[in-house]
Structure formats: structure tokens, C-alpha cells
Amino acid sequence: MRAATSPAAAAHDAPAPFTGCALGMQIAATFALAGLGGCSQSVRERDDRVVRMRTIPSADLASLWPAAQTREVGRVLTLAGETAAITEHHAEAGYLITVPGGGHHLVDPDGRSIRSAVDGIPPAWWQAAVAAHCLPLAATLQGIELFHASAVVIAGQVVGLMGGPATGKSTLAARLIQLGARFFADDMIALEMQRRRLVVHAGLGVVRLGPFAQTAVPSLAAQGLRTLREGDGRTVVELNRDVATLPLRSLYMLRPAPRDADAAVTTEIPDPLRLLSSTCNLSVREPERLRRQFETVSLLGSQARIFNARLPIGGDRELARAIFEHAACEVLR
Amino acid sequence: MTTNNAELPRERMFSAAVRLPQHVVFREFPAETVVLNLDTGKYHSLNPVGGRFLQMLERTASVGEGLGRLQDEFAEQDPAEVEAALYEFCVDLAARGLIEVEES
């Protein structure tokens, strides 16, 4: 994308009737974003935590992105090694995220605006790109740290399930919901320090369920499930989720195990480098962000109770039961 | 005089003071101490002994004063070994730009 000779003005004042909260931000969008839910009191009180989202023609976005002084700062690959997203940075213009098949998205330097050029792309595809890449970047730029984890609420406190791609986070979350937990976030949790305490903000109410979790879909209907799309062996569902901002009580570090191993929960000594590698948006490397990221990991290591959760192949039900019982006991301590 | 000269002789090192530059922060975790260089974005992990060394250097007026306290703390170790370990530690961190050595 290259700048035209006369850059077009962004339509910052376009009506944005679809509002809600996710990842600690108030969101105002010109399109209906799946999973956008209500706001907690603490998020509503933050006037500085707002992101406006709109779609614009590709030609307009091209005119907003400079031709020079840009550099690639991040590239996300799928497990198969294909490019899932490329992030470029320009000091004044912000970040341009290109998602093959999912459009081009311009995130302002302060994370308060996302403009998406998605001409001719089905909404389900480009909105998935917005949820996976643009909103998390906006949250990071606004001072919130995101970690690769899913989360549910057990006895009023957030329980995180942390692990790399395809380790079973979403499946475990679905199983825990079947057991009585409430859905809180899928694939990414948003942490923030509030008066030296770590709190977690609810994510979008969307869950991507893999093949192992398909049997959970019917029983999740009681939690207000709506199937958004199916394909590639995955079902994407929209779920009602807890709107509150809550303290993070426990974190379970998922470790894959062979099929014949037992699902088990054991005590884990916090590994700071593993926690650091579980953060998102590693391409944002300004000193202020690095310091905040480091401080958040430090608080995570000292405030959250961290456990090792061994997940054998096909053992998601068993591990979910173990985690549910373990977490319920931990909450009582 | 401030220097990151990793070849500072032992006598001068122990009479010098050590301070962390503003672009270096560290945090203690149960099994290690992690040091972050905000300028380079690189993380450095110290074992528990290294973490204790760093804490002591930050709190004492000179490396020599820190040495004395560490030799008391690690009383079961040969004082000469503690001295050698602390010297190597300072040389290593200075070479990585994680401390600045100020000679009086």
C-alpha cells in the first residue's frame, strides 16, 4: 500500500452505534462485532480507554499509510508455517496489520482507532482478524498487557489457562464451562495493574472450538451460545460472558503429555521467561512498554497461584475435572 | 569516573561503587532474578546467588563493602572463592552493560 499524492482525511466522526467492552477498553464500532459485551464499572470509568473501529475503502487506507520510513516489526505464523499476519510500523501513522484473506488494518499509535480495509471479504473472516490482531495491539498500546491464555470464572475469581497455540486452552475452557464455570476470555487475557494488584478484563465473547471440543457445543447452549461459523475442523461460537473486571486468582500452565499419561495438577515454580514469552505483541518494544510488561510478569509471579496442568492427548475432560476441583479449593484458601 | 571496562583490575573493582543505569531494571522471582535492559530489550537470568550479589551491590557503597557482607552471608564458603565469584560477576555484568562501575 502506498500513499497517494493527497491523503484522504479519516472519517473519525462516522457514527459508531455498536458499543461495548472487551480487553479493558470501551469499544465503539461502525459494524456489529461478534462477542462484544457489556462493560465493567472500572472500564466505564476510564475515559482514556476507548477504541473506535470502522471500515474504510482500501483506497482511503492506502492514502493514510506512508510510502517511506515504515518497517516490519512482527510476523505471526500458523503452526503450518504460513503467514497469518504481518505488522508494520511508522512512527506517526501507527501500525499496519496485513492479514492474508483478512484485510488491511491501520491501528493509530495510541491504539484509540482501528480502520479496516476489507473490501469484498466476508465479515466472519476479517472480524476474526480484528479480534485476533488489531484489538490486542490497541489494548497493548493503551497500557494493557495481554497473555496467551483462556480464562473462566470459578467462585467469583478468574482462573487462567495458559499455553501456546493448539495446546488445548479453548477446549479446556469449554469443558470447565460444562462443569459450571463461567466463560471469561478465549485465547487472550488482558491484565492490568490497579493499585499494585493484578486484575483481568473480560475478552470478546467468542470461542474457537477445535475437534476435541465439538461435543461440548450442545451443552454450552445453556450459556447463550450462538454458532458463528464452522470450517477447517473448528467451530466458532459466541458466548455470553462475565462482564466484570476481576482479580486473577490462579493460573494453570498447560503442558501437553502423551495419551497414556494421567491428567494432573501440580505446583509450579513461576518461570518468568515462560511468562514473558506468553505475552502478546512482542513487536511493541518501547522502553515504557517493556517496563510495564516486566512489572506485570513480576506481579503475576508473586500474586497469582501458578500450577502445572498436565494435559494428555484426549484427556481434556479429565483435566478439566481436576482443574475445576483444584481451583474451587484454591479459591477457599 | 564511570566505566564499563570489564578489564578493571580486582583492587580497583573492589574500591569502586556499582550502580544500575536507569535503563536497567531487575525483578526477583522464586527461582531466579531477571534483569531487563530497556535499551536493548534483552533479558538476563541470574541464579539465586547471582540475584543476591546484585541486591547487595545495589545497596552498598562499594563493591568491597558488598563483598564483606556476602562473605558473612556465605560463611560456609571459602572467602577467597566468594571474592573471586563477585569479581567475575561484576566483570560479566559490566561487559553486558547492566551495571556501571564508578571509581572514586
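Predicted model: local features only at pLDDT ≥ 70, side-chain atom pairs only at ≥ 80, totals over all residues.
Residues are numbered from 1 along each chain as its sequence is written, chains are lettered from A and ligands numbered from 1 in the order in which they are written, and side-chain values use heavy atoms, with hydrogens and water left out. The helices (H or I, at least four residues) and strands (E, at least two) named here are DSSP runs, numbered from the N terminus.

Strand β10 of chain A covers residues 149-154. Two strands pair if DSSP finds at least two bridges between them. On one side of the story is strand β12 (residues 182-185), joined to β10(A) by 3 bridges in an antiparallel arrangement. Strand β11 (residues 157-162) of chain A also runs antiparallel to β10(A), with 6 bridges joining the two. The hairpin of β10(A) and β11(A) has 2 residues between the strands, and A155(A) takes a positive phi near 55° there. How many residues of β10(A) are buried? The count is 6 of 6, so to speak a mostly covered strand, where buried means under 20% relative accessible area, exposed over 50% and partly exposed in between (1.4 Å probe, protein chains only). A149(A), A151(A) and V153(A) point one way from the strand, while S150(A), V152(A) and I154(A) point the other way.Elsewhere in chain A, an open sheet of 8 strands has mixed pairing and the order β1-β2-β3-β8-β7-β6-β5-β4. Its edge strands, each pairing on one side only, are β1 (18-22) and β4 (71-77). Neighbouring strands of this sheet are turned against each other by 20° on average, direction ignored; axes are lines fitted to C-alpha atoms, for helices over the stretch in contact, and angles run from 0 to 180 degrees between N-to-C directions. Within the sheet, β5 (residues 83-90) and β6 (residues 94-99) of chain A run antiparallel and are joined by 5 bridges. In this pair, E88(A) stands opposite L96(A) of β6(A). Helix α3(A) lies across β2 (25-29), β3 (50-55), β4, β5, β6, β7 (103-107) and β8 of chain A, and runs at about 15° to β7(A).

Two further residues of chain A are worth a visit. D119(A) sits in the loop between β8 (113-117) and α3 (123-141), and is partly exposed, at 49% relative accessibility. Which residues does D119(A) contact, leaving aside its neighbours within four places in sequence? They are I56(A), P57(A) and S58(A), where contact means heavy atoms within 4.5 Å. P57(A) is 62 residues from D119(A) along the chain, and the C-alpha atoms of the two are separated by 6.7 Å. R321(A), in turn, belongs to helix α8 (residues 316-332) of chain A. R321(A) is partly exposed, with a relative accessible area of 42%.

Turning to chain B, 3 strands form an open sheet with antiparallel pairing, in the order β3-β4-β5. Strands β3 (24-28) and β5 (42-46) are the edges, each pairing on one side only, and the twist averages 20° from one strand to the next. Strand β4 (residues 33-37) is joined to β5(B) by 5 bridges, and V35(B) has H44(B) as its bridge partner in β5(B).

The helices of chain B come next. Helix α2 (residues 48-59) packs with helix α3 (residues 63-73) at an angle of about 135°, and their axes are 9 Å apart. That angle makes α2(B) oblique to α3(B); angles under 35 degrees count as roughly parallel, over 145 as roughly antiparallel, 65 to 115 as roughly perpendicular and the rest as oblique. The crossing of α2(B) past α3(B) is right-handed, a crossing being left-handed if the near helix is turned anticlockwise from the far one by less than a right angle, and right-handed if clockwise. From α2(B), the contact is made by R52(B), F53(B), M56(B) and L57(B), and from α3(B) by V63(B), G66(B), R69(B), L70(B) and E73(B). These residues divide into 5 nonpolar, 1 polar and 3 charged. Here Ala, Val, Leu, Ile, Met, Phe, Trp, Tyr, Cys and Pro count as nonpolar, Asp, Glu, Lys and Arg as charged, and the others, Gly among them, as polar.

Helix α2(B) also meets helix α4 (residues 79-95) of chain B, their axes coming within 11 Å and crossing at roughly 80°. The two helices are therefore roughly perpendicular to each other. G50(B), F53(B), L54(B) and L57(B) of α2(B) meet A85(B), L86(B), F89(B), C90(B) and L93(B) of α4(B). The residues of this contact divide into 8 nonpolar, 1 polar and no charged.
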